[in-house]
Amino acid sequence: MTYSMTAFARRERSTTWGSIAWELRSVNHRYLETALRLPEDLRSVDPKARETIAARVTRGRVDATLTWRPLEASEAIEIDTTRLARVVGILESMEPFKLKTAPPNMLELLR
């Protein structure tokens, strides 16, 4: 049976936290060459994606793109003031050590 080395596939799925889509393109190539484009927040899937592709494709250039669109938050953000107070307390307790670091980034604290 002959299999084509040139292909295109797209799969999208909607979930409660947003929508995610994989887009795969392949062309003829002597060896397996995989190029992944992933959102920064989903970089952890890189090894598993490469492993899955290699298990099914033996040669060719495969370009895989993962797109993620999170749902917009519909309710107001609530700040856990107890936890925030603990973080601020820890930061203040480190002050006597005169660590040469930038002041805390508020966006990082919110994460």
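What percentage of the 111 residues in the protein do buried residues make up? The share is 15%. Keep in mind as you browse that this is a predicted model. Here is a quick tour, from the overall fold down to single residues.

**Overall layout**
- The protein contains three helices and four strands.
- Among contacts with a separation of 6 or more, 62% join residues 24 or more positions apart.
- The accessible surface is about 9800 Å², and carbon and sulfur atoms account for 56% of that surface.

**The largest nonpolar core**
- Eight residues form the largest nonpolar core: L36, L38, L42, A49, I53, V62, A64 and L66.
- Two or more of these core residues come from each of α1 (46–56) and β4 (60–70).
- Strand β4 is the biggest contributor to this core, giving three residues.
- L42, one of the core residues, touches I20, L66 and W68 when residues up to four places away in sequence are not counted.

**A look at S26**
- You will find S26 in strand β2, which covers residues 18–27.
- S26 counts as buried because its relative accessibility is 17%, and the cut-off for buried is under 20%.
- Beyond its neighbours within four places in sequence, S26 is in contact with M5, T6, A7, R61 and V62.
- Of those partners, V62 is also a member of the largest nonpolar core.

How values were computed:
Residues numbered from 1 in each chain as written. Predicted model: local features only at pLDDT ≥ 70, side-chain atom pairs only at ≥ 80, totals over all residues. Heavy atoms only, no water. Core = buried A, V, L, I, M, F, W, Y, C linked by side-chain atoms within 4.5 Å. Buried < 20%, exposed > 50% of the residue type's maximum accessible area, 1.4 Å probe, protein only. Contact = heavy atoms within 4.5 Å. Areas by Shrake-Rupley, 256 points an atom, 1.4 Å probe, with all protein chains shown as cover.
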